[in-house]
Amino acid sequence: MIAHYLPYLKLLLKGVCVLSFIAVSAMFLIWLERKVSAKVQNRLGPMITGPHGSLQSIADTVKLLLKENIVPSGADRLTWWLAPFFVTVPPVTAFLCMPFGPTFIVRDLNVGILFICSITSICVLGIFMAGWGSNNKYSLLGGMRSAAQIISYEVPLLLSALVVIMEAGTLSMQGIVHAQEPCWFFLKPNLFVAFVIYLISATAEVNRVPFDIPEAESELVAGYHTEYSGMKFAMFFVAEYTNLFIISAVAASLFLGGWLGPIRPSAGWFLLKAYVVIAFLMWIRWTLPRVRMDQMMSFAWKVLTPVALLNVLVTGWLLVAKG
Amino acid sequence: MFKMITYVFSGLLSILKGLGITWNNMFRKAVTLQYPLQKPVMTERFRGLVDLIPEKCIACSQCVKICPTAALDLTSAVNPETKKKSPCTFVFNGELCCFCGLCQEVCPTSAIFLNNIYEAAYYKHEDMLKIDLLKVDKYAHLAPKKACPCSKTSETRK
Amino acid sequence: MMEYEELIINMGPQHPSTHGVLYLELKLDGEVVLDCRPNIGYLHRSIEKIAENRSFVQFMPFTDRLDYLASMNNNLGLCLTVEKLMNIAVSPRAQYLRVIIAELNRIASHLFAVSTFAQDLGAFATPLFYALRDREKIIQIFDHICGQRLTYNYMRVGGVSGDLPAGVDALIKEYIPYQRKMLDEFETLLTGNVIFCARSKNIGVLSKETAIKYGVTGPNLRASGYKWDLRKDEPYLVYDKFDFDIPTGENGDSWDRYIVRIREIRESLKIIEQALGGLPEGDPVAKVNKVFRPNGETYMCTENPRGELGFYIVGDGNIFPYRLKIRAPSFSNLSVLSAMVKGLNISDTVCALGSLDIVMGEIDR
């Protein structure tokens, strides 16, 4: 009897693990971001709550949980309520085929990378719903900007992932990691180009500086989540940082060898690589100004997409030449 | 086409330069203070709350006259024995004060001065409106130590 | 046939990039600005009316509240006007001190201007913190000199309120090379940055003719290519004794306004260096409770960090002025905004506004 339910229990357990990992990881990343920004700006950052302010995120979460949930008058109730879920659920789902270790994976889908790329694009729907539902002009502009941005950066992102797929010959995340056993992908010149393109377009995908156009503080106040408060706002925040983790983790598995490392545990290597990418993105965030909407679009379509296409062509040629 | 490529590469280079600056700054010491725990040392001329040494005051009302926001109120009486004028009440409205320090400059006996208390928060609004300058412990709840212009050093950073 | 409707956005008075309480009424077509109307008055404190009920010494703290990022320069403007009206001679040491202090405050103000401009362009907080870190040194110096960090009330008609305390000239001497080094660093971070240039070059172009037509002064006018600086053209104090350049821009775009300010910081450092070297001995302190009964009228303008700050005083023999009019540079500088931003999009509007460097304190007065 128990044996019959065991697979489901196992799945449930995995789900709980993933959810708690996401919560802890988002909190840690928020703390890390505050610390990195403080370091860059010759400040100290949070110091009071816990050693070096490490419990600050927990205090913030408690505060956000206790805050009033304000619904703006004239809001489109249904979209307004649903939007945070549309933003939060896809990144959680993407953990389904995130290879933490050789066996440490929820399900090694044979279309893994495709699944991750497609499921995370659903976020844009949530963002647009938030922008529309808030009945706020700034939010609306933010939502529209976000839709345009994410759709245009999806193209170079997938094209750079395509290069990896061609090189590895498989769509499965584990397969891609295994294919890197002789040599990590970013060490090959054509894949290094793909890596750079991936990083740039992934930064745009998760709305981070220099592509934080949908939430541009100095222009649109807070963009699509201007009107959200309390836990709903926290959900946007968690989604943002989970997305950040996902793009870094995908970058780690596609280009940096995933969980491959000289010594065990393999999950440690995976997390280390992901966090190195995250730290790099944070470092960029606190250095660069924001680009303008049209500049960002022309960069995506006139520079990134042609280069990515060329890269696909060159990779194909190299593969054919190799036989 | 060639122009485009050079633009992209010089752009990348400029971004890398900027990253170098922020990288260097990551290893500099923080310049901020952990405020409630560490407190800056006030300079010698710092202008905090208006304070009075009642014995020195000769009730000449010059400070009251020069105060641009009318934050001071003084009544005086002449002592029949010594024929000296002295203040009876001296009320300072902490809410109106703009900390310009003119009263301190104009005072002939240096009786009125601006002390080094900068944490001028009161629990009640009324308390702030009528601060009796003749009382000795008027700022006792604000500054645990005796208020005095104490430090000359520029070492406000630890 | 589709129907079009313009989107009206009320930007401000509470908005992260309106520099205080400015309220911009933007008429948008998509993201393109069709019309921009600045509404002011949220910070009105009737300072000019207050002046009619205060003696000049009493009015000095109120000038601090005009352009609160350059209080020393405002103090200086009022002092010079009253001195001109009353024919008061000022000791040479006080004149040199005033130059040093005014230029220090110009640097502090420009540092704030360029860093908030970068903030408006989305370089979130980092340039701002670097500039504030350096500005803090100036604030420290002012704290030693006059005992306040923002509202200084330091200058007096006929001199200053106190001589330099011991050790402060060493602080200033220490500060000059430090600021040069840090400014180089700041420029590496921003000036050449490809995103920064792309965002600010050819944005909010202000031609020389338009600038003059609207009465734009200060770095904004110089960025448009017109070499006009009261320190050189109508020298007051002892500015004619120093050797410094007036930086000008070429196109009058936002980037030019930024770079003119950066270069002016360097020129100001040069002036401070020379003034400290030639600081004469003497007593700069003016007596505070001197009574002035001005009769007649006068206008005197000084070069504030934001442009020409003028005081027009009419006296009728009373200790209070009959009328005191303040010509605030930010007011004229803001008026040109709506002409500048037509056809740009929201991001560029924020960029143009940030590059004008307005302070609401002196616009609303």
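This is a predicted model: local features need pLDDT of at least 70, side-chain atom pairs count only at pLDDT 80 or more; totals for chains, interfaces and linings use all residues.
User: Which kind of side-chain interaction do C:E31 and A:R145 form, and what does the pair join?

Analyst: The side chains of C:E31 and A:R145 come to 2.5 Å, N to O, in a salt bridge.

User: How much area is buried between chain A and chain C?

Analyst: The contact draws 23 residues from chain A and 36 residues from chain C. Carbon and sulfur atoms give 59% of the buried area. The area itself is about 2600 Å².

User: How many salt bridges are counted between chain A and chain C, and which elements of chain A give two or more residues to the side that touches chain C?

Analyst: The count between chain A and chain C is two salt bridges. A:R292 and C:D348 pair through their side chains in a salt bridge at 3.1 Å, N to O. The elements of chain A with two or more residues on this side are helix 6 (137-168), helix 9 (217-220) and helix 12 (293-322).

User: How many residue pairs are in polar contact across the interface of chain A and chain C, and how do the residues on the chain A side divide?

Analyst: The rule finds eleven residue pairs in polar contact across this interface, both residues being at pLDDT 80 or more. On the side of chain A that touches chain C, the residues divide into ten nonpolar, five polar and eight charged.

User: How is chain B divided into domains, and what distance separates their centres?

Analyst: Chain B is assigned domain 1 (1-31) and domain 2 (50-132). Taken over C-alpha atoms, the centres of domain 1 and domain 2 of chain B are separated by 57 Å.

User: In what order do the helices and strands of chain B run?

Analyst: Chain B has four helices and five strands. From the N terminus on, the order is α-β-α-β-β-α-β-α-β.

User: What percentage of the contacts in chain B with a separation of 6 or more join residues 24 or more positions apart?

Analyst: Chain B has 158 residues, of which buried residues make up 39%. Among its contacts with a separation of 6 or more, the share from residues 24 or more positions apart is 71%.

User: How much area do chain B and chain C bury between them?

Analyst: Chain B brings 32 residues to the contact and chain C brings 38 residues. Carbon and sulfur atoms carry 54% of the buried area. The total for chain B and chain C is about 2700 Å².

User: Which element of chain B gives the largest share of the side that touches chain C?

Analyst: Two salt bridges are counted between chain B and chain C, and the side chains of B:E105 and C:R156 form a salt bridge at 2.5 Å, N to O. The interface also has 20 residue pairs in polar contact, both residues at pLDDT 80 or more. At least two residues of this side come from each of helix 1 (2-26), helix 2 (62-66) and helix 3 (102-106) of chain B. The largest share, nine residues, comes from helix 1 of chain B.

User: How many residues apart are C:D357 and C:R306, whose side chains meet in a salt bridge?

Analyst: The side chains of C:D357 and C:R306 meet at 3.4 Å, N to O. C:D357 lies in the loop between helix 14 (346-356) and helix 15 (360-364) of chain C, and C:R306 in the loop between strand 6 (295-304) and strand 7 (307-316). Both residues are buried. This pair links distant parts of the chain, with a separation of 51 residues.

User: Where does A:N135 lie, and what is its phi?

Analyst: A:N135 is placed in the loop between helix 5 (123-133) and helix 6 of chain A. Its relative accessible area is 47%, so A:N135 is partly exposed. Most residues other than glycine have a negative phi. The phi of A:N135 is positive, near 55°.

User: What is the relative accessible area of B:S61?

Analyst: B:S61 lies in the loop between strand 1 (50-52) and helix 2 of chain B. Phi of B:S61 is also positive, near 65°. B:S61 is partly exposed, with a relative accessible area of 22%.

Note on methods. Residues are numbered from 1 along each chain as its sequence is written. Chains are lettered from A and ligands numbered from 1 in the order in which they are written. Side-chain values use heavy atoms; hydrogens and water are left out. Contact means heavy atoms within 4.5 Å. Buried area is the accessible area (1.4 Å probe) that two parts lose on being put together, summed over both. A salt bridge is a side-chain nitrogen of Lys or Arg within 4 Å of a carboxyl oxygen of Asp or Glu. A polar contact is a pair of N or O atoms within 3.5 Å; within protein, one must be able to donate a hydrogen and the other to accept it, and residues adjacent in sequence count only if both atoms are side-chain atoms. Ala, Val, Leu, Ile, Met, Phe, Trp, Tyr, Cys and Pro count as nonpolar, Asp, Glu, Lys and Arg as charged, and the others, Gly among them, as polar. Domain bounds come from an automatic or database domain assignment. Buried means under 20% relative accessible area, exposed over 50%, partly exposed in between (1.4 Å probe, protein chains only).
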